[in-house]
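Please keep the sequence and the model at hand while going through the numbered points.

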Amino acid sequence: MKSEKGPQDDEESALTAPARPPLTMHDYAWWRENLEALTVAIILALIIRHFTVEAFEIPTGSMADTLYGLHAWLECPNCSREFNVALQSDGATGEIKVRYEKKLVYEGECPNPSCTLRLHTVARGGGDLRSKGDEVTCQACRTPFRGNLDGYRLDDVNDKADARCPNCHFVYRAALLRSNLTGGHKILVNKFAYSAGTPKRWDVIVFGFDQWKNYIKRLIGLPGETIQVWDGDVYVDGRIVRKSDHPFAQDTLWTRISDSDLAESGLQKTPAWAAPREGGLPATKRSQWNSTVLRWSLNAAQDQAVIEYQRGFDNYYNYNLLSYGRHGHPTFREKAEQVGDKKVAFTARVGAVAPRPDSGSWVGAEIRDGEFTFQLRVPVGAPSGGSPAVLERVAPVPVGAEPLRVTAPAAIAVGTEARIELENADDRVIARLDGEEILRLDYTSLPDGANLANPPLSPSQDHGAHHLRLLACGVQAELSSIQVYRDQFYIPFAEGPWRGITLGPGEYFAMGDNAPSSSDGRYWGSIPEKNLMGRALLVFWPAWPTNFQWKFIR
Ligand SMILES: [Zn+2]
Ligand SMILES: [Zn+2]
């Protein structure tokens with residue numbers, strides 16, 4: 001119960017001594033309360049900053065696509081996927097190092113109905129407004145046209161780099177305005193993480209290196225370990241380590257490279273999926289893409305139907321577009337590494353069934369990664385009693401190789417829809433049905449007796465040794481929402497070929513997620529334990545309604 005006159009009132013009475021108080025009693029109480037609250041908040045903030053959480057801004061793109069430094073956004077004129085490009089800045093001054101020129105630009109519709117590019121530089125403009133009204137050549141579809149007069153203006157622009165869409169691989173000459181600028185991610189760091197617990201491999205860590213700077217990278221090596229990289233994967237003491245053994249790292253490090261839900265306008269002539277070129281019956285009768293409903297029909301009631309992903313698996317970072325070639329790393333035109341670790345996810349609706357006597361009715365997927373090809377077959381029919389779901393290594397299997405095959409009871413009922421996932425990462429294949437893991441296979445891709453100090457050729461160099469297929473057998477199936485991902489691909493390269501590092505007691509090793517453009521442990525070695533500051537917690541900025549990037553860092 002509240003008394004009419006509490007201790008608060010007594011205190012106020014005691015403070016009414018001045019004959020002409022500068023503030024009324026009411027004002028004074030208000031000020032004092034707020035001053036107290038503010039003081040407590042500042043002290044708490046200082047304590048929190050010192051011991052638990054501190055805010056930082058990400059200066060560079062070495063952790064892209066997990067974290068971004070200064071960047072600009074573009075939108076693909078073929079599939080409308082938005083993607084970003086790093087704006088390199090000077091480490092000391094923060095000044096952007098992109099060269100912009102004053103040029104005549106045209107902003108407005110391109111007359112080609114299947115092209116949505118809206119920003120072009122005017123070739124003959126030469127930075128002169130007198131060329132207003134000159135012919136514009138669309139930088140996506142090459143259509144020449146004259147725009148509306150009010151669409152022309154002078155602006156600071158960089159149009160030196162060809163942009164490639166990360167989704168549909170369409171290449172065009174992008175015009176980047178100086179005003180197209182988003183600041184680096186602002187993040188919170190949990191400084192308490194390693195006082196209470198021990199650092200885990202694949203954590204995103206923050207550490208000091210010299211007196212002035214803090215760095216953020218992914219933790220790869222722990223004290224006493226020898227770390228090497230082969231075929232994009234991390235090896236510890238000669239054995240592969242798997243991101244899927246960490247609660248979040250693998251999910252974070254998949255990069256989506258294709259999504260059938262994004263309708264394409266037709267500027268990109270290479271389709272995402274098509275029947276494989278080699279042999280067999282005319283493929284078009286058995287597989288058909290419907291661009292209105294964004295679905296593949298596989299009519300395999302009498303037979304088997306196959307479609308294969310057509311756009312390749314190169315280790316491409318749209319984020320690095322303006323810096324390609326600077327680190328001795330090939331551009332997308334120079335055939336970067338083919339990433340063997342990939343994942344496909346799709347929705348299958350199964351219709352009429354006509355099981356083949358030898359192989360039954362099933363829907364599945366197949367991933368080839370160099371010497372290893374894995375096939376998943378999920379039977380169509382009753383969930384129990386029928387044949388099991390199978391995940392196995394299929395031809396070409398070298399003579400004498402140990403067979404790899406696992407099975408589990410699982411099926412898709414006729415007339416229903418199921419979400420199927422098949423992933424291959426770090427020598428582990430996992431199959432999921434409606435989000436539940438049903439099958440898993442671990443294998444060893446490093447050849448027997450191989451020595452990583454003198455590594456064998458990586459399958460990533462063999463561009464013909466990779467494929468991704470979707471299959472249907474003895475069933476009529478509709479496939480939709482087909483997404484393709486590639487895994488993080490670490491590169492054993494610093495100033496030259498990088499052969500690894502052996503860590504002493506209390507030493508850690510870290511690399512950036514943006515392997516082609518990250519100055520990390522490959523360049524400067526190990527991190528002493530005392531320099532570890534904490535674990536990156538979350539991105540809290542940008543948080544505009546139009547650009548909301550809040551997320552936990554994993
Ligand atoms: Zn695109
Ligand atoms: Zn156009």
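1. The four donor atoms around the zinc ion (ligand 2) subtend angles of 97 to 119°, and the arrangement is therefore tetrahedral. Four donors receive that label if all angles lie between 85 and 135 degrees. Donors are N, O and S atoms within 2.8 Å of the metal (3.2 Å for Na, K and Ca), and since water is not among the atoms, sites may look incomplete. For comparison, the ideal angle for four tetrahedral donors is 109.5 degrees.

2. The model is a predicted one, in which local features need pLDDT of at least 70 and side-chain atom pairs count only at pLDDT 80 or more, whereas totals for chains, interfaces and linings use all residues. Residues are numbered from 1 along each chain as its sequence is written, chains are lettered from A and ligands numbered from 1 in the order in which they are written, and side-chain values use heavy atoms, with hydrogens and water left out.

3. Which residues coordinate the zinc ion (ligand 2)? They are Cys110, Cys115, Cys138 and Cys141, each through its SG atom, at 2.1 to 2.4 Å. Along the chain these donors follow the spacing C-x4-C-x22-C-x2-C. Cys115 belongs to the loop between strand 4 and strand 5, and Cys141 to the loop between strand 6 (135-137) and strand 7 (144-146), so the pair ties together parts 26 residues apart in sequence. Strands here are DSSP runs (E, at least two residues), numbered from the N terminus. Both Cys115 and Cys141 are buried, a term that means under 20% relative accessible area (1.4 Å probe, protein chains only).

4. Distant parts of the chain are linked by one pair: Cys79, in the loop between strand 2 (71-75) and strand 3 (82-86), and Cys168, in the loop between strand 9 (162-164) and strand 10 (171-173), are 89 residues apart. Cys79 counts as buried because its relative accessibility is 2%, and Cys165 is buried at 0%.

5. An open sheet is formed by four strands in the order 5-4-8-11, with antiparallel pairing. Strand 5 (119-121) and strand 11 (176-177) stand at its edges, each with a single partner strand, so one side of each has no neighbour in the sheet. Two strands pair if DSSP finds at least two bridges between them; strand 4 (residues 101-107) and strand 8 (residues 152-158) have six. Lys103 stands opposite Asp155 in strand 8.

6. Strand 12 (residues 186-190) runs antiparallel to strand 1 (residues 53-57), and five bridges join them. Five bridges also join strand 12 to strand 34 (residues 532-541), again antiparallel.

7. The peptide bond between Ala64 and Asp65 is cis, with omega about 5°, and Asp65 is placed in the loop between strand 1 and strand 2. Asp427 is not a glycine, yet has a positive phi of about 60°; this residue lies in the loop between strand 27 (417-425) and strand 28 (428-433).

Conventions
Buried < 20%, exposed > 50% of the residue type's maximum accessible area, 1.4 Å probe, protein only. Tetrahedral: all angles 85-135°; square planar, octahedral: opposite > 155°, others 65-115°.
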